[in-house]
Amino acid sequence: MPAEIFVTSLDDVQVLGEISDKPLLSESTPKDILTLDALKFVVLLHKTFNSTRKQLLKNRQDVQKKLDSGESLHFLKETEYIRNDPNWKCNPTHPKLMCRKVEITGPPDAKMIINAFNTDVHTYMTDFEDSCAPTWSNMLYGQVNLFDAIRDKIDFTNESTGKRYKINKDGRRVPVMIVRPRGWHMVDSHITISGEPISASILDFGLFFYHNAKYLISQGLGPFFYLPKMEHWKEARLWNDIFCVAQDCLEIPRGTIKATVLIETLPISYQLDEVLYALREHSSGLNCGRWDYMFSTIKRLRNQKDHILPDRQQVTMTVPFMTNYVKQLIKTCHKRGAHAMGGMAAFIPIKNDPNANAIALEAVKKDKLREVLAGHDGTWIAHPGLLSTALSVFEEHMPTPNQLFIQKDDIVTESMLVDTNIKDGEITMRGLSANIFIGLNYMESWLRGLGCVPINHLMEDAATAEVSRLQLWSWCKHQVKMNDSGKIITADYVCQLIDEEVAKSNSKPGNKYEIAAQALKDELTGKKPLAEFLTDILYPYIATPSNPIDLATLKQ
């Protein structure tokens, strides 16, 4: 049974129970993380900023209503002064973030942390968000693992294989760690404050920052963060306000924190200058979160039939709206002295098929060549097996630590950011089947606590699965005709295919296919409204707050 925490008195916080599915791989324990002082710090941040967070989430739905009524997204009139002022720049980033040619990502699982630290990348994003299903066990032990990893305390042997896992320094470069907390839309129901769940973003950031900021500073290594899923520049300003208060509370100079914002929603792509301006003291650049950006575009334009996208594999970075978003990001970042990071290579090595593996690596090479020539300062990989391919491309074409000195003069208009006209784009049975298979299998794995899942030689996470979920919904809503068969895609037809897929997979013991399938079908048939995120649908199934702690009365 997952651990629960509660206050036995105003001066005592305990962790009860055992986390049976997480063997103890670190020297530290949850008690070292859920200290009274750390929780007081988190409560302070939550009480100060949660009402703003909730209002900003409401604002997202106001934008959606306008788009549904036929309005378009625009560059903001009220912030023209920020965009038109050529003189302001972001503060210089930390020296350890000047060179970020290849970044690897993964959840804060002990084995994955060690493997990432043992990969010769420049930086490592450890992820509480898209690649990590937010079970209480995953979240709590993620904090424990990071606490010990940065202190070089993780060292364990897998009892079933006898393989030892240890961070291997031996004079080599160890990647610089960047932490991605959960997005503003998420809460963690295992902790409540005045009866409402705590902001997951504030919890993840607050616990990590409180316990590790001063240690990382003493090592010259941070603290550094990635900020996900924002849809308005005021959401970036909220993070900046939290950074300032957090640094003040711990008597750390303002500007010490450095944060990279993932530009992975359509609305915020119209506000890039504003995002950098809001975080200019703390900014370390922007990143092209390509899969979430595709998902957001489908979601926000979901009621506009002229923006329906074709099969997922045809929506590449070379299609108009994706290319224009990249141009806008690189131009803005370099104008303001900030890094412009490229997107994820989701391929994973195909060990049993050398020919297929060679084709996949060639596709990765081509994608990374596109990124470096476009002006990106670095890129992402999901697997160590892609390091050589990605790094060789960036080192050949970007011998300097970055290319901030390259100034772009691309003109990207409002309409270009929503130019979803894809030449020769088709919706096919193959694409429909792929979306059903990916969506169903990822959601089923997520319900079992796995946030990154290899499917068809791609590392699928919540962002990639969201594309499949939204495409299924969009195609059913607009009843599109498939190009290859001429058949109309309806909710009843897709639900039938989902049931057939479940029947093939249901023999696996302990599976969650029925829950995943019902969640998909409820949205497709209109039984339930389309959720903003699949995490909104599935989180209640993995949360176990039978006795959540309420921290409202903790003395500050």
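Let me begin with the term itself: rings of Phe, Tyr and Trp, the last taken as its six-membered ring, pair if their centres lie within 6.5 Å, and planes under 30 degrees apart count as stacked, over 60 as edge-to-face and the rest as tilted. What we have here is a predicted model, in which local features need pLDDT of at least 70 and side-chain atom pairs count only at pLDDT 80 or more, while totals for chains, interfaces and linings use all residues. Residues are numbered from 1 along each chain as its sequence is written, and side-chain values use heavy atoms, with hydrogens and water left out.

By that pairing rule the model holds 16 aromatic pairs. One of them joins F205 and W239 edge-to-face, at 5.8 Å centre to centre and 75° between the planes. F205 belongs to helix α6 (residues 200-218) and W239 to helix α7 (residues 233-249), 34 residues apart, where helices are DSSP runs of H or I with at least four residues, numbered from the N terminus. Both F205 and W239 are buried, that is, under 20% relative accessible area with a 1.4 Å probe and protein chains only.

F205 also pairs with F243: the ring centres are 5.5 Å apart and the planes at 45°, so this pair is tilted. Since F243 lies in helix α7 and F205 in helix α6, the pair ties together parts 38 residues apart in sequence, and F243 is buried, as is F205.

Which residues form one aromatic cluster? They are F41, W184, F205, F208, F209, Y210, F225, W239 and F243.

Turning to charges over rings (NZ of Lys or CZ of Arg within 6 Å of the ring centre and within 35 degrees of the ring normal), the charged end of R280 sits 3.9 Å from the centre of the Y277 ring, and that of K487 lies over the ring of Y493, 4.5 Å from its centre.

How values were computed
Helix = DSSP H or I, 4+ residues; strand = E, 2+ residues; numbered from the N terminus. Buried < 20%, exposed > 50% of the residue type's maximum accessible area, 1.4 Å probe, protein only.
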